[in-house]
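Reader: Before we talk about labels, could you show me the model and then tell me what each label rests on?

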Amino acid sequence: MSDQKTYPVNPQIAAGAHIDSAAYQRLYQQSITEPEAFWAEQATEFLDWHQPWQQVLQYDYPKGEIQWFLGGKLNVTVNCLDRHLEKRGDQVAIIWEGDDPAHDRKLTYRELHAQVCQFANVLKANGVQKGDRVCIYLPMIAEAAVVILACARIGAVHSIVFGGFSADALRDRVIDADCRVLICADESYRGGKIVHSKLNVDKAANQCPNVNTVIVIKHTGHDIPWTEGRDVCYHEAMQTASTDCEPVMMDAEDPLFILYTSGSTGQPKGVLHTTGGYLLYAAMTHKYVFDYQEGDVYWCTADIGWITGHSYVLYGPLCNGATSLMFEGVPTYPHPDRFWQVIDKHQVNIFYTAPTAIRALMAQGDDFVTRTKRSSLRILGSVGEPINPEAWEWYYQVVGNKRCPLVDTWWQTETGGILITPLPGATPLKPGSATLPFFGVKPAILDPDGNILEGEAEGILALTYPWPGQARTVYGDHARFIDTYFAKFPGYYFAGDGARRDKDGYYWITGRIDDVLNVCGHRLGTAEIESALVLHDLVAEAAVVGFPHPIKGQGIYAYVTLNVGIEGNSSLKGELKDLVREEISAIALPDLIQWAPGLPKTRSGKIMRRILRKIAANEFHDLGDTSTLADPSVVEQLIANRLKLP
Ligand code: WTA
């Protein structure tokens with residue numbers, strides 16, 4: 001990795017940008033020396049409050065207590081919709097681009113507002129009240145924006161489950177949040193194929209005794225099974241619903257949503273975000289990180305099932321009155337030029353995607369890009385995993401014609417919004433570095449004992465001060481919240497990533513330092529995959545690790561120990577993959593399964609993943625200290641039978 005290569009700020013961009021280099025320095029200083037005054041000012045500028053707050057911040061990290069804008073009242077949809085009606089009621093809020101290039105649709109702010117109010121009334125008619133959890137299992141269709149915002153209109157807490165998750169994964173999330181109402185589509189399209197959403201929902205809902213209502217949005221229009229008394233047709237219900245619905249005024253700290261994400265242990269946890277601080281942080285980062293300008297067409301390719309879809313497809317852009325593009329499809333369908341075609345078709349100015357997509361498209365050759373114009377593009381963004389310098393350069397040079405600043409944004413489900421990032425008009429870029437902290441963000445690099453490392457250093461990334469978009473708890477398990485993020489290094493928020501800081505103070509994220517994998521930008525816990533594998537009757541034990549993968553970022557390598565006397569074969573591998581698909585999702589399928597007669601364990605029985613990771617990555621010449629292993633010969637066997645990486 002070279003720290004040397006630097007692209008200076010593009011002067012043309014800087015001239016028109018909200019934040020130039022001097023403004024960044026000044027505001028950043030202010031944001032960390034007088035944080036409460038700084039955030040109070042931002043909260044006034046970015047949001048409309050029904051009632052002002054009495055206190056900006058109260059927090060106690062060791063107790064996992066974080067509150068912003070205490071006593072303030074507001075409604076998210078008033079900020080994302082109502083207040084825009086007068087000035088930009090007829091401006092497009094959502095451009096929807098279907099999987100099939102012939103399908104698209106536009107919704108103005110006025111239309112979106114009316115439909116959100118209607119659906120809020122539908123929710124109320126189905127018994128949903130403030131504080132109730134509503135599960136949303138939808139593809140990227142425009143109605144997703146409607147139902148999400150409708151929840152926020154009446155203070156219901158949405159829990160969006162990515163449409164690629166299996167019925168079992170959906171069931172677990174519905175039960176954990178005790179959702180009574182589930183919203184889904186009949187089916188969806190993905191790369192020309194049909195996804196049977198409603199079938200998954202039926203399978204899940206049949207195992208969730210408290211789910212009494214399933215609201216179904218017609219998308220493909222094909223016949224689907226119907227459960228009378230439980231299933232409600234979205235379109236019929238909307239027809240008779242009024243377009244008037246008073247917004248419920250929420251406390252700044254009332255929950256807005258729950259979003260499940262993977263951790264290093266156990267099952268995914270329901271990260272909870274609240275109303276005022278989250279919305280402020282999403283809106284402010286959207287405006288400054290992408291240098292969003294009035295009238296821009298903005299496209300974030302993330303699915304609404306992930307945090308990036310929450311903050312940067314919906315809440316941030318809509319709060320700022322932007323035109324946000326929602327894309328149902330995949331980058332390679334019908335051809336690997338789809339992204340660039342869509343950019344030309346809708347004249348997209350700001351484009352935000354994941355490194356895995358960039359690497360996959362880069363592998364298809366430049367022609368798919370260069371045969372499109374992309375002249376509307378002004379800003380490029382990257383999120384979800386470290387972007388390797390080669391992919392960065394290709395994105396910057398070939399896609400952006402060296403004109404468009406590329407913002408590599410580091411953040412997490414738990415952080416609600418972007419924490420470390422360049423600002424287009426302010427920050428010289430280094431390919432592969434997320435560069436500098438956003439306003440109010442105070443990163444630190446720690447050694448394993450929790451000591452702060454100053455200057456150039458590499459270690460554990462932590463945050464020393466709260467920011468408004470930070471998660472407030474793990475739904476139903478505050479102890480887990482404290483344990484995961486605040487216990488290990490008291491006084492800090494522990495992010496789970498490693499980072500290096502170079503001589504210019506730039507941050508280089510080195511990846512997860514816990515047992516969380518990042519596969520195609522999807523966050524997966526090794527523990528979840530292991531629990532799926534051991535469900536098989538013939539499996540005694542399993543250990544899953546990541547390995548470097550040229551396109552996916554990380555691939556999944558599973559070591560599986562079978563019951564005594566059982567021989568592994570390819571049909572058994574197939575069964576194990578099916579199990580993972582059923583329990584979690586196709587996104588969690590192991591790339592490689594190695595039969596392991598035994599796993600390297602300490603004498604106390606702890607699996608030494610460090611060794612397994614090295615064997616998987618073919619770095620077995622330097623395994624470190626193996627003397628503490630209960631049976632060191634296991635390692636030799638695993639090395640001898642290791643599988644070839646793709
Ligand atoms: C990784 C996605 C390097 C990181 C917004 C983090 C990144 C995890 C970057 C969170 C980046 C995200 N550079 N790594 N620009 N962005 N990550 O919760 O490991 O799905 O902890 O949130 O993705 O994944 P999550």
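Author: Buried means under 20% relative accessible area, exposed means over 50%, and partly exposed lies in between, with a 1.4 Å probe and protein chains only. This is a predicted model, in which local features need pLDDT of at least 70 and side-chain atom pairs count only at pLDDT 80 or more, while totals for chains, interfaces and linings use all residues. Residues are numbered from 1 along each chain as its sequence is written, and side-chain values use heavy atoms, with hydrogens and water left out.

Reader: What makes Tyr278 and Tyr315 an aromatic pair, and of which kind?

Author: Rings of Phe, Tyr and Trp (its six-membered ring) pair if their centres lie within 6.5 Å, and planes under 30 degrees apart count as stacked, over 60 as edge-to-face and the rest as tilted. By this rule the count comes to 49 aromatic pairs. For Tyr278 and Tyr315 the centres are 5.7 Å apart and the planes stand at 90°, which is edge-to-face. Helices (H or I, at least four residues) and strands (E, at least two) are DSSP runs numbered from the N terminus. Tyr278 lies in helix 10 (residues 276–289) and Tyr315 in helix 11 (residues 307–319), so the pair ties together parts that are 37 residues apart in sequence.

Reader: Why is the pair of Phe290 and Tyr312 given its class?

Author: The ring centres of Phe290 and Tyr312 are 5.9 Å apart and the planes meet at 70°, so this pair is edge-to-face. Phe290 is in the loop between helix 10 and strand 16 (297–300) and Tyr312 is in helix 11, 22 residues apart, and the pair thus links distant parts of the chain. Both Phe290 and Tyr312 are buried.

Reader: How do you know that the charged end of Lys430 sits over the ring of Tyr506?

Author: A charge sits over a ring if NZ of Lys or CZ of Arg is within 6 Å of the ring centre and within 35 degrees of the ring normal. The charged end of Lys430 is 4.7 Å from the centre of the Tyr506 ring and sits over that ring. Arg173 likewise lies over the face of Phe165, at 4.3 Å from the ring centre.
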